[in-house]
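Subject: Handover of a structure and a summary of its contents

Dear colleague,

Please find below the structure that I am handing over to you. A short account of what was found in it comes after.

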Amino acid sequence: MLDVTPLETAVDRLADRLRAAPRSRLRRGAAAQGLELARELAVRAQRIEFPGREPLVMPEAGLFTVADQVAVAGHDLATALREADGGTGDCGTEGVGTEGVGTEGVGTDGGGGADAVAAELAEAVALVGAAARRCDC
């Protein structure tokens with residue numbers, strides 16, 4: 001089973017930093033950076049879970065909700081990646097598809113396999129790290 005702990009840890013750490021950030025820092029761009037990241041992570045998760053369906057866009061819900069949006073989207077992606085790697089879970093995503101994720105062939109049908117899933121995980125962790133540096137929180 002794929003170890004998604006690095007992604008979960010990174011999104012939790014960033015979410016905690018966003019929760020602790022003062023309103024002024026959130027308004028200067030930290031919230032916008034967080035929302036951009038949350039939207040990207042959500043799209044990636046949806047492309048794994050629902051291939052062939054246009055991903056829904058995460059709504060803007062305000063300065064003080066962006067931390068939770070980052071956490072939820074990051075954990076959703078971690079779960080989708082774990083499931084795509086053939087791990088077991090309770091989210092009901094059996095038969096997770098294979099197309100449309102940043103790395104081609106992520107899925108459970110053997111297309112792309114573990115290497116594609118691991119590459120998607122590494123890319124997601126890098127996205128979270130880059131967003132944390134940009135939001136300076």
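Predicted model: local features only at pLDDT ≥ 70, side-chain atom pairs only at ≥ 80, totals over all residues.

Residues are numbered from 1 along each chain as its sequence is written, and side-chain values use heavy atoms, with hydrogens and water left out.

The chain as a whole

The chain has 4 helices and 0 strands; here helices (H or I, at least four residues) and strands (E, at least two) are DSSP runs, numbered from the N terminus. Along the sequence the pattern is α-α-α-α. Of the 137 residues, 45% are buried, where buried means under 20% relative accessible area, exposed over 50% and partly exposed in between (1.4 Å probe, protein chains only). Among contacts (heavy atoms within 4.5 Å) between residues at least 6 apart in sequence, 69% join residues at least 24 apart.

How the helices pack

Two packed helices are described by the angle between their axes and the distance between the axes. The axes are lines fitted to C-alpha atoms, for helices over the stretch in contact, and angles run from 0 to 180 degrees between N-to-C directions.

Helix α1 (residues 5-20) packs with helix α2 (residues 23-49) at about 150 degrees, the axes being 11 Å apart. These two helices are therefore roughly antiparallel; angles under 35 degrees count as roughly parallel, over 145 as roughly antiparallel, 65 to 115 as roughly perpendicular and the rest as oblique. On the α1 side Val-11, Leu-14 and Leu-18 take part, and they meet Leu-26, Ala-30, Gly-34, Leu-37 and Leu-41 of α2. By class, this contact of α1 with α2 holds 7 nonpolar, 1 polar and no charged residues. Ala, Val, Leu, Ile, Met, Phe, Trp, Tyr, Cys and Pro count as nonpolar, Asp, Glu, Lys and Arg as charged, and the others, Gly among them, as polar.

Between α1 and α4 the angle is about 20 degrees, with the axes 9 Å apart. That makes α1 roughly parallel to α4. The contact of α1 with α4 has 13 nonpolar, no polar and 1 charged residues.

For α2 and α4 the angle is about 170 degrees and the axes are 9 Å apart. That makes α2 roughly antiparallel to α4. Among the residues in this contact are Arg-25, Glu-36 and Arg-44 of α2 and Glu-120, Glu-123 and Arg-134 of α4. The contact of α2 with α4 divides into 8 nonpolar, 1 polar and 7 charged residues.

Two residues to look at

Glu-120 is placed in helix α4 (residues 113-135). Glu-120 is buried, with a relative accessible area of 0%. The C-alpha atoms of Glu-120 and Leu-81 are 7.9 Å from each other, although 39 residues separate the two along the chain.

Pro-22 is found in the loop between α1 and α2. Pro-22 is partly exposed, its relative accessible area being 42%. Its C-alpha atom lies 8.9 Å from that of Cys-137, 115 residues away along the chain.

With kind regards
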